[in-house]
Amino acid sequence: MSSALPSPDLHRATNADAPPLPSVGIVMGSDSDWPVMEAAAQVLDEFEIAYEVDVVSAHRMPREMIAYGEQADGRGLKVIIAGAGGAAHLPGMLASVTPLPVIGVPVPLKYLDGMDSLLSIVQMPAGVPVATVSVGGARNAGLLAARILATHDEELLARMRDFQQELNDQATEKGKRLRA
Ligand code: RP5
């Protein structure tokens, strides 16, 4: 996990002992989004998927945000998860400059219950897709990123199937307890 805006060189690892290059970039408009966005990181940890985390504000640091989007695929990222609140332009702007899949997380703020964030992220013009999850749905964003990576990773696909079976088992168990 990195706290500064990553430079391309930082990720050109040659040492076999080096940690794996991140496949997922988790970015957000402010560190105040982290309590919501943390759930994406947690689920990626559960699936042992390498990720990086950063603040890349569309409005307060637009040049860095564009650079992040433009450099993402060249640095080896496969998926970007972008969360923002209010006038949440970060996911859409990143999607406009990267060929990678972008998953948008509407972060709820004090007013409007996240509806402003949701509508800012979900209503993209044709040609520039953002896969928007529910308001505050960072865990699902992480799971969707894992599923995208699993399309080219049999082992990860098997772990996703196990995870789904666990959900099934848990729900079945809850039903049993209610019926008892
Ligand atoms: C958005 O403004 C951020 O994504 C955050 O949700 C919101 C508030 O940011 P702070 O004022 O807390 O830094 O751009």
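I began with Leu109, which sits in the loop between strand 4 (102-107) and helix 4 (115-122); helices (H or I, at least four residues) and strands (E, at least two) are DSSP runs numbered from the N terminus. I kept in mind that this is a predicted model, where local features need pLDDT of at least 70, side-chain atom pairs count only at pLDDT 80 or more, and totals for chains, interfaces and linings use all residues. Residues are numbered from 1 along each chain as its sequence is written.

Next I looked up the contacts of Leu109, and, leaving aside neighbours within four places in sequence, they are Gly85, Gly86 and Ser117, where contact means C-beta atoms, placed from the backbone, within 7 Å. I also noted that Leu109 and Gly136, 27 residues apart in sequence, are 9.9 Å apart in space, C-alpha to C-alpha.

Then I turned to the largest nonpolar core, which has 44 residues, with Ile81, Leu90 and Val105 making the most contacts inside it; such a core is a set of buried Ala, Val, Leu, Ile, Met, Phe, Trp, Tyr and Cys residues joined through C-beta atoms within 7 Å. Helix 1 (residues 34-46) gives the most to this core, with 6 residues. Leaving aside neighbours within four places in sequence, I listed contacts of Leu90, among them Val27, Val56 and Met65.

Notes. Buried ≥ 20, exposed ≤ 12 C-beta atoms within 10 Å, placed from the backbone. Contact = placed C-beta atoms within 7 Å.
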